[in-house]
Amino acid sequence: MIIASDKPRIPLPMPSGWFHVLYSNELAVGESKPLTYFGQELVVFRTESGMAKVVDAYCPHMGAHLGYGIRDQAGKGSSVVGESIVCPFHGWAFNGEGQCTDVPYAKNLPPRVARGEQVLGCWPVQEVNGSILVWYHPHKEAPNFQPEVVPELSDEAEQWSEPSLHRWEINTHMQEIGENAVDPAHFMFVHGTSDIPMAEEMSFDGHTRRGFLKTLQPTPRGNVEGSIENANIGPGLSVVRFKGLCDTLLLANVTPVTNEHTIAYYAFYQRKADIGGPLGRVGEAIIKNIVQQMEEDRIIWDRKKYYEKPMLCDGDGPFAKFRKWYSQFLVE
Ligand code: FES
Ligand SMILES: [Fe+2]
């Protein structure tokens, strides 16, 4: 007899870490935008000095949402004046540290405002590798690791193309998506590859996981030998380097909207010299292949249930190691 269960499909808490919320070029100076991540409503704004700031969405005065402007700002976010975002309801202004910097019509400021206290929740932000990253921790603890700067996009940025951007909304917990990296057997069945790609190296060290495998890159003239080097920096950020005919850098970031709803942001970079040259078709095929794999994986991820103790066999990948590493980010 099957007994119906009222347990959630994936009983895991939302992981803590650095997460992509927007690409840097999606937020101009003076612009603000609403965000929904980490099961919360937030607002991001770029100050006049160019800093991206993220604060809680609801104004501490009377609860208006700071991400939706009115009149001159209709269809946009609230206005930004200097280093502060201005609430559309009564004009109170707040800086990225959550202090109220102006109450335009008050003769006597509320005491907490007068004392310069933080009155609005604010979030640690960094801009790295073309992304605005936010630190999430369920108990608001400070970051205990840092994102990694990708040298291709800092030291040799002029050699690399504008990215090809792809985005998926996936109805699952982020850990389930991450497990793809330690699941060689699914490639034959979900992605139709002819053999099982085995990682030659896999290391788990603090907040990072790194893997390396040799592959066959599909080209219009058959498969060519190559390699894939991949790294997770915490649960949200990953950097993948496909080497072979047409080197491809993939920044594959995943961000939780809730613990069963994740957005994957993929940005593929290739060398300008390759894109314009005879390898352009190979480069396109590499991206197309990964995008198709995501579509295929998603059919499983959207519906699968999480088993704490799956029934594994000797050909399965190092799931236990991966989950032990990942558990450091799952704070109840
Ligand atoms: S609700 Fe924001 S200023 Fe009044
Ligand atoms: Fe996959």
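Select V81 first: its bridge partner in β6 is S84. The model is predicted, so local features require pLDDT of at least 70 and side-chain atom pairs count only at pLDDT 80 or more, while totals for chains, interfaces and linings use all residues. Residues are numbered from 1 along each chain as its sequence is written, and chains are lettered from A and ligands numbered from 1 in the order in which they are written.

Next, display β5 (80–81) with β6 (residues 84–86), to which β5 is paired in the antiparallel sense over two bridges. Strands are DSSP runs of E of at least two residues, helices runs of H or I of at least four, numbered from the N terminus; two strands pair if DSSP finds at least two bridges between them.

Now select H61, in the loop between β4 (52–56) and β5. H61 is partly exposed because it has 18 C-beta neighbours inside 10 Å; the class lies between buried (20 or more other C-beta atoms within 10 Å) and exposed (12 or fewer), with C-beta atoms placed from the backbone. Beyond its neighbours within four places in sequence, H61 is in contact with C87, H90 and W92, contact being C-beta atoms, placed from the backbone, within 7 Å.

Note on methods. Two residues are in contact if their C-beta atoms, placed from the backbone, lie within 7 Å.
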